[in-house]
Amino acid sequence: MEYGFVIDNRRCIGCHACTVACKAEHEVPLGNFRTWVKYVEKGTFPDVRRYFTVLRCNHCQDAPCVNICPTRALFHRHDGIVDFDKEQCVACKACMAACPYDAIYIDPSTETAAKCNYCAHKVELGLEPACVTVCPEQAIIAGDFGNPQSPISRLVALEQVMVRKPEKGTMPKVFYIAGDSTSLTPGAAPRPVGYIWAQRPQSEIDADYHRAGDSGVAYTSYDVSHAKPWGFMVSFYLWTKSMAAGPILAAALLTLSGYARAPVLFGRLAPMAALVFTFLTVILLISDLGRPARFLKILLHPNPRSWLVWGAQILTAYSTVALLWLAAGLLLSEPLFAMVQWPGLILSTLAAGYSAFLLAQARARDLWQSRLLFPHLVVQAFLAGSAVLSIGAVYAISGRALVDLLLRSVLGGLVVHGILILSEVALPAGNKDASDAVRYMIQGPLAVRFWFGAVFCGVALPIYLLAFYFSHPGPGSLLPAAVCAGTLLGLLVYEDCYVIAGQALPLS
């Protein structure tokens with residue numbers, strides 16, 4: 001069985017009966033929607049037409065929300081319905097970042113994710129979903145696509161149908177008869193400052209700056225707003241994770257390559273910094289959950305397909321190696337130190353870069369699908385670790401040679417980081433949405449923050465100051481410390497721009 005919907009746009013009159021029935025059936029809170037109707041007006045006076053489009057969860061056969069959910073709170077039923085278990089949900093909002101259709105929201109009453117579940121409780125009794133029952137024009141048809149003789153299968157076979165975002169490869173099971181591409185494509189019809197019956201949040205208005213006039217004769221006259229799932233806490237979490245993985249990564253690379261051996265700085269300070277920032281990263285991760293008390297469900301009820309689960313396991317293994325590394329430094333045990341160097345290098349690389357695979361699972365966000373993201377995160381971690389160790393070397397009086405080696409590591413990391421930033425914004429993006437997200441970051445509302453904070457203050461100025469430092473050697477320690485501090489702040493600004501820009505564009 002493969003339950004799904006057909007929306008017949010030839011019949012829909014935009015009455016919102018489906019929206020109201022869904023809200024009443026499931027007690028959907030004010031401001032949230034499992035089913036909603038979008039209005040798009042096309043044409044020029046007097047030849048103008050309004051198109052109505054019913055939007056909802058697509059019960060995808062390859063559902064990104066099911067794959068990314070760390071606790072299996074979202075799952076496929078035997079009949080193909082994508083259902084959810086609010087008792088398992090930790091409200092990490094990863095499913096919201098992954099859904100290409102903006103179909104998931106956080107229910108303020110339960111503080112867990114929620115969405116259309118095809119009225120599964122009614123289906124089990126042989127009844128139809130509430131939206132189907134109340135539609136006065138029979139524009140919503142529900143049924144089993146797995147049965148080729150069912151009315152819904154015949155409709156799809158005989159009529160010309162469309163689906164939303166087929167390029168995502170989710171195999172959605174909501175089909176539109178006489179669907180309008182302008183209405184089904186997010187952002188294709190520019191949105192005014194306010195709708196006919198509703199106001200719009202300023203963040204949505206900012207995201208539309210580059211879309212104005214795209215369609216010329218079409219605009220969205222009514223839609224509903226959707227919250228952006230991840231905010232500054234996620235940016236801060238990525239930043240602290242770079243500083244958690246970086247000290248061990250930099251120390252292991254410099255030690256294994258034979259450039260330096262520093263029993264105090266590499267053997268003690270590096271693992272201590274790694275453990276402190278790993279602890280801070282875990283605290284940030286837990287505090288950003290809507291249900292932080294359920295954090296252990298990620299480890300005790302894991303979804304092996306979710307990179308949130310793999311990330312938690314990698315951080316646990318990395319913390320264990322960092323503890324052994326610290327023990328080797330405190331005990332001055334050469335055999336133990338030699339034993340943990342390669343595991344430390346491998347696990348610090350994974351701890352730095354696993355977020356690239358997590359963001360890639362957020363298939364709704366095209367900016368985050370970059371193949372450069374994994375190496376970029378590893379380079380950022382090396383840069384952050386070198387900066388942290390440089391500050392430690394300056395104030396631990398580790399000697400000019402070691403300080404200069406670490407500052408050269410910072411300089412090398414800055415150069416590669418700068419090249420990767422330019423590659424991210426200059427190379428052709430995978431599609432129009434990814435290109436628009438880049439434009440939002442470099443030309444739109446984030447432009448000043450990106451160019452001044454992330455590029456100038458975080459890359460160009462530190463490179464210039466380090467070049468000045470090496471060409472004018474002196475005993476002062478203020479300049480290297482200031483350069484490293486500025487580098488770390490620039491990394492935070494870049495992470496924040498990247499997270500915000502990835503979620504800026506509309507999905508519905």
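Val 161 stands opposite Ile 177 in strand β10. This is a predicted model, in which local features need pLDDT of at least 70 and side-chain atom pairs count only at pLDDT 80 or more, while totals for chains, interfaces and linings use all residues. Residues are numbered from 1 along each chain as its sequence is written, and side-chain values use heavy atoms, with hydrogens and water left out.

Strand β9 (residues 161-162) and β10 run antiparallel and are joined by two bridges. Strands are DSSP runs of E with at least two residues, helices are runs of H or I with at least four, and both are numbered from the N terminus; two strands pair if DSSP finds at least two bridges between them. Strand β1 (residues 3-8) runs parallel to β10, with four bridges, and the partner of Val 6 there is Phe 175. From β10 (residues 174-177), Val 174 and Tyr 176 point one way, Phe 175 and Ile 177 point the other way, and all are buried. Buried means under 20% relative accessible area, exposed over 50%, and partly exposed in between, with a 1.4 Å probe and protein chains only.

Helix α1 (residues 17-26) has Cys 18, Thr 19, Ala 21, Cys 22 and His 26 as its buried residues. An α-helix has 3.6 residues a turn, so residues three or four places apart point the same way. The cover over the buried residues of α1 includes β2 (35-44), β3 (47-56), α4 (120-123), α5 (130-134) and β8 (140-144). Just after α1, Glu 27 has a positive phi of about 55°.

The largest nonpolar core has 101 residues, of which Phe 266, Trp 368 and Phe 450 touch the most other members. Such a core is a set of buried Ala, Val, Leu, Ile, Met, Phe, Trp, Tyr and Cys residues joined through side-chain atoms within 4.5 Å. Helix α9 (residues 232-256) gives the most to this core, with 13 residues. Another core, of 51 residues, lies apart from it and includes Cys 57, Ala 91, Ala 139 and Ala 142.

Helix α9 also holds Lys 241. Lys 241 is buried yet has no salt bridge, and the nearest side chain of opposite charge, Glu 495, is 7.6 Å away. A salt bridge requires a side-chain nitrogen of Lys or Arg within 4 Å of a carboxyl oxygen of Asp or Glu; Lys and Arg count as positive and Asp and Glu as negative, with His and the chain ends not counted. Not counting residues up to four places away in sequence, Lys 241 touches Thr 281, Leu 315, Ala 351, Ala 352, Tyr 354 and Ser 355, where contact means heavy atoms within 4.5 Å.
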